[in-house]
Amino acid sequence: MLLGCIADDFTGATDLANNLTRGGMRTVQTVGVPSAPLADDVDAVVVALKSRTTSAAHAVAQSLAALRWLQQHGCQQFYFKYCSTFDSTPAGNIGPVTEALMAALNCDFTIACPAFPEAGRTIFKGYLFVGEVPLDESGMRNHPLTPMTDANLVRVLQAQMQGKVGLIDYVTVTRGTEAIRARIAALKAEGVKAAIVDVLNNDDLMRLGPALSDMPLVTAGSGVAIGLPHNFVASGALHPSNNATALTPASGFRAIVSGSCSVATNAQVAHFIQHGGAARAIDAIKLAAGEPEVQRVLAWAKPLLTKGAVLIYSTAAPADVQAIQAKLGVDNAGQLIEQALADIARGLVDAGVGQLVAAGGETSGAVVQALGINALRIGAQIDPGVPWTQSVGASNATPRITLALKSGNFGTEDFFTKAFRILS
Ligand code: ADP
């Protein structure tokens, strides 16, 4: 194993694994810290945690446990993966986890770069853009758990870190790898511990990659991974695989569970419904009142499964989310809905669903846990950041499942139908 990665949520882990796979690294994503050794034919491991929105202390403890496992299994470089929209609050968890991993690795400098140009995430002068608008003008300002109200990432990260945060600006990045290395040396001399990196396109990521070859810890979104596999090829450690994305043919009924309330997912849900897809919303207020929503939804879904994909969603517009949060509390509403969607996913799989899309990072984490899946192999890409995956080492309780874990913000409007078309 060459590269050991720690991802703060499940869809983010898949997103990273997808980019590593595209770079020829045979990649396995594990659900939490693995309890058993993995197969030998693995170049990179992505340990998927659910630590984005837990307490900082919990996120640090989980991340350090993952690091220890990856170190014990021979990884040479480490990658802390967070969201391309830098999802966090002033309490963390990006800053605290970064500093804890740096201390454990005796690492005096790292980068922080959520850029992912293929998915429209770019950084200029330290400001993160989502498509055409700064982060704080994007739908992320209304995120149910981590609303992002400042696009200046130097400022956002500095609020979460004890050490000083700096910037590797775009002029430096365009000058190339040696200029980036020189800038890193200068920042280190100034006592800077972490630097945001400006990135506008994949060429920038390819210039950045070689400058990171000897950095023990990289912290980033998934985009930076585009430039990393080549370092291992150049050093002779990696012989890129050309069938890194091969999966067993998918089988079983088709379903989608969606707990993301992002702008992109709202559009995807609307598109699926407008095009005649079978869809049903879950009612958070009824759930909170202890009504059997899960059983009701499953009773609705089961007879429809033979006809095509069914969608079950809590996806809602910002005003509706706020109304539910005002009644139930933010955390309580989030957990209640995640658990319900996870129970529904479990019920659907028990009813014969073998091809499942989960929309939303936290939602996907809950679903994967409820299905008892320990590890996923990464398959073909559906949209940037979202590949099909397949459970490995499945138990009798959970047969092999072909799964797409979609981060809320990712995917084109027709994602739900396109995803299944790719499998047909
Ligand atoms: P994303 O990838 O878009 O961030 P997540 O699944 O990570 O999606 O986060 C969405 C959060 O919002 C989850 O905790 C989910 O349970 C919660 N949620 C989903 N639907 C609603 C709703 N209608 N009202 C309030 N909270 C909701």
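In which loop is N93 found? N93 sits in the loop between β4 (77-81) and α3 (94-105). Helices (H or I, at least four residues) and strands (E, at least two) are DSSP runs, numbered from the N terminus. A cis peptide bond links G92 to N93, with omega at about 15 degrees. The loop between β4 and α3 also holds F86. F86 is a residue other than glycine with a positive phi, near 55 degrees.

The model is predicted: local features need pLDDT of at least 70, side-chain atom pairs count only at pLDDT 80 or more, and totals for chains, interfaces and linings use all residues. Residues are numbered from 1 along each chain as its sequence is written, and side-chain values use heavy atoms, with hydrogens and water left out.

The chain is assigned two parts, domain 1 (3-234) and domain 2 (253-423). These bounds come from an automatic or database domain assignment. The domain centres, taken over C-alpha atoms, are 26 Å apart. Contact (heavy atoms within 4.5 Å) involves 29 residues of domain 1 and 34 residues of domain 2. Together the two domains bury about 2500 Å², 60% of it on carbon and sulfur atoms. T11, V31 and K50 provide 23% of the area that domain 1 buries against domain 2, more than any other three residues. Buried area is the accessible area (1.4 Å probe) that two parts lose on being put together, summed over both.

Two salt bridges cross the interface of domain 1 and domain 2. A salt bridge is a side-chain nitrogen of Lys or Arg within 4 Å of a carboxyl oxygen of Asp or Glu. K50 and E362 form a salt bridge, and their closest N and O atoms are 2.8 Å apart. On the side of domain 1 that touches domain 2, α1 (10-22) and β2 (27-31) each supply at least two residues. The most come from α1, with eight residues.

A polar side-chain atom of E338 is 2.6 Å from a ligand oxygen. For E362, a polar backbone atom lies 2.7 Å from an oxygen atom of the ligand. In T363, a side-chain N or O atom lies 2.7 Å from an oxygen atom of the ligand.

Methods: Polar contact = N/O pair within 3.5 Å; in protein donor to acceptor, adjacent residues only side chain to side chain.
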